[in-house]
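I set out to examine how the two chains of this model meet. My entries follow in the order in which I looked things up.

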Protein chains: 2
Amino acid sequence: MNIPQTSFPRVVIIGGGFAGLAAAKGLEEQEIQVVLIDKHNYHTFQPLLYQVATGGLEPDSIAFPLRKRFNDVENFYFRLAEVVKIHPDKNIVETTIGDLDYDELIIATGSTTNFFGNTNIQKFAMEMKSVPQSLNIRSLILENFEEALLTSNIDERNALMNFVIVGGGPTGVELAGALAEMKKAILPKDYPDLDIRQMQINLIQSSDCLLKGMSSKASEKAEDFLIGLGVNVWKNLRVLDYDGKTVTTNGEDNFRAETVIWAAGVKGQMIDGLQQDCVIERAARIKVNEFNQVESYTNIYAVGDVACMSSEKNPYGHPMMAQPAIQQGKLVAKNIISKFSNKKQKEFVYNDKGSMATIGRNKAVVDLPKWKFQGVFAWFVWMFVHLFSLIGFRNKAIVFLNWVYNYIRFDRETRLIIRPYKKKNKEINF
Amino acid sequence: MNIPQTSFPRVVIIGGGFAGLAAAKGLEEQEIQVVLIDKHNYHTFQPLLYQVATGGLEPDSIAFPLRKRFNDVENFYFRLAEVVKIHPDKNIVETTIGDLDYDELIIATGSTTNFFGNTNIQKFAMEMKSVPQSLNIRSLILENFEEALLTSNIDERNALMNFVIVGGGPTGVELAGALAEMKKAILPKDYPDLDIRQMQINLIQSSDCLLKGMSSKASEKAEDFLIGLGVNVWKNLRVLDYDGKTVTTNGEDNFRAETVIWAAGVKGQMIDGLQQDCVIERAARIKVNEFNQVESYTNIYAVGDVACMSSEKNPYGHPMMAQPAIQQGKLVAKNIISKFSNKKQKEFVYNDKGSMATIGRNKAVVDLPKWKFQGVFAWFVWMFVHLFSLIGFRNKAIVFLNWVYNYIRFDRETRLIIRPYKKKNKEINF
């Protein structure tokens, strides 16, 4: 891997998401060599992926080149690679570009879509955890509309214009809202020869409320907003299968749809080589103690979505979201620095800053620890927080400009099929 | 294709580039049904593709959704399809989504890369005529740098950092300049552990001057600018072959390079079904008369790059650039309207507004009919003209913002490998 051996200890971080990035930042300007490994050369701001999928933003404005972030940082090395396995007995990470030894290892591999073992759904449904996946969804939506124009078979046309989103968490809610706005303002203009009323947006949630984990007020209001926008919200309905044509459920309603987006679950992006008892099989998360140390190891940490720090208060670990990831990444960096200088390590305490979701223009729900509100003001807060959280001035400026433009013009202009999904790219899901 | 038959005559336009778009615009608000067919759902502003390839702009800001452009136009239909063949005897266009009859047909298929029959070069060299191709170049440049980091073999590392651009026309010159600026300002920061001096940018031109077709002053100055930026300019050197490793030339110098960009020629994007004698084999262009009518047909027109209107003044037809394409598209629209109202058609007279090329920041060359100038002012003129020519307010604003940012920060921030080229996409060249 051509990383120089120095007298400084080496910390290897696997993954440049929220957690990995926070850890890498926290280790800057120390007498520590940091090596960050990621399979992408950019950090993805996942909360805005749904806007890339629905033509509101270009991918380059929500992603940031990892090398650029660390341009001026000494003793920092980035390597574009996938990790094959870790060898804790030898303190070695095995990657697609060679082996690398470490003194301390931070696993920040994040999460991936959880299909709960259903290979049919995995094969035919779309997922939205990365930029290329979001671009695939964008292409597919538009390709289906182009195809809908061509058929005289009503069932077929309905299937092409039927969108099923499985999962009523923030991703599903935000995507359903964005699709509903496309249906309202954009698609009737782009496809005047289609009857856009035939377009259906179905949001299917297995439990009895949307946005589980947020307040009941937020959940109810989000549902109201979605219904107002014309989304069919199905609660207490569980998707059993999808064969590429028909979505089968445990209820009376099945759906014939060409586009199914699976936002019903995530699981840790597991890594090979850990002892069996460190891993929670079902959720594919790594058990960590209150210092984010992986059980039975003292120099391996897991942070963010892939880590499960269970306690009485959080029996299933912290929510798989940006905030716990960032906070854990930061603290692990501090703790590693303390360790090297023989200081005491600090326990992780999650500071829940609240959560929010946007449904459409002027429509968002925000739960702060002491204040819960919905509507226009919530929407501005949502925008401000997301804009502020993007890395880099250019990204902030471009996203802001796009939002202002989209708001004024009721538009989402980046609806280009740059890489057709249906014809050529179906197998490429990088 | 589900296009309604009306009492209006139907004009079918193949291709939504500069020529096709100008023709479609010219036919708006007439008692004419217009059907535009393109294999992409967007218009590409080709003059700025090199900035997408070198990380200066995101693709969405130089492309524009074709449907959006014609949102409010009545009797206009867009179809996303590839044309298989035309059948002039039956007045039918055969496409991948079915047949369509026409009253008047405008062929505006543009041009494609001309490898002059060399299948090796076609297989191993990169081309840059479309957005996906530009993104492939962007990915390849960055992937090669990531790989260069890993090897200890000096020859291999040099090959990975050796860029050969074949063709000293505007595309080759602009690309070489942009790469030189990446070498200067960005790559040393992103890859501090590489010796960027080893990066070579070779621009190979078969004749004795760059920018053939522009003034000798422009040509000389462009060469000066490039040399000043550290580009190796090779004149009177002809590339004979490239096997993926070594570029063979007719001179003493061969080049070992992993990245070869072929900008040495274009040819018409020919269409099947025309009589043999309408086609100029070598250049793959369609012979047209002064009304852009294809020889031996009265209701088939060819415009833009694919058309060859030869005259005493222009024995090889007009240059394959945006200006003749736009002017021909406009005039053909007018002439078709005249034809339907039994008015006299007008001959095409090319209004040469001049040409320009940019080499780098503050460095451009401009040839206007009555004034030729180079340097900072030329660069501002180049920027203004290109900004002004982009379609849509959003695109103009985003490009402007990027340019200001890149200028102030000496940066090109959109350097993301969104779809790896080397590993996965080599066969996909859509």
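Predicted model: local features only at pLDDT ≥ 70, side-chain atom pairs only at ≥ 80, totals over all residues.

Between chain A and chain B I counted 26 residue pairs in polar contact, with both residues at pLDDT 80 or more.

I then asked which elements of chain A give two or more residues to the side that touches chain B. I listed two strands, E4 (63–65) and E5 (76–80). The helices I listed are H3 (66–69), H5 (131–150), H7 (170–190), H11 (393–409) and H12 (421–425).

Next I looked up salt bridges and found 14 across the interface of chain A and chain B. I noted one pair, A:Lys68 with B:Glu413, whose closest N and O atoms are 3.8 Å apart.

I turned to the extent of the interface. I found 55 residues of chain A in contact with 54 residues of chain B. The two chains bury about 5,500 Å² between them, and carbon and sulfur atoms account for 56% of this area. I recorded that A:Arg67, A:Arg394 and A:Arg419 supply 14% of the area that chain A buries against chain B, more than any other three residues.

Finally, I consulted the UniProt record. Its unreviewed entry places the feature "domain: FAD/NAD(P)-binding" at residues 10–329 of chain A. I found this span to be 29% helix and 26% strand, with its end C-alpha atoms 17 Å apart.

Definitions and conventions
Residues numbered from 1 in each chain as written. Chains lettered and ligands numbered in written order. Heavy atoms only, no water. Contact = heavy atoms within 4.5 Å. Buried area = accessible area lost by both parts, 1.4 Å probe. Salt bridge = Lys/Arg side-chain N within 4 Å of Asp/Glu carboxyl O. Polar contact = N/O pair within 3.5 Å; in protein donor to acceptor, adjacent residues only side chain to side chain. Helix = DSSP H or I, 4+ residues; strand = E, 2+ residues; numbered from the N terminus. UniProt positions renumbered as here; feature names shortened; annotations may be inferred.
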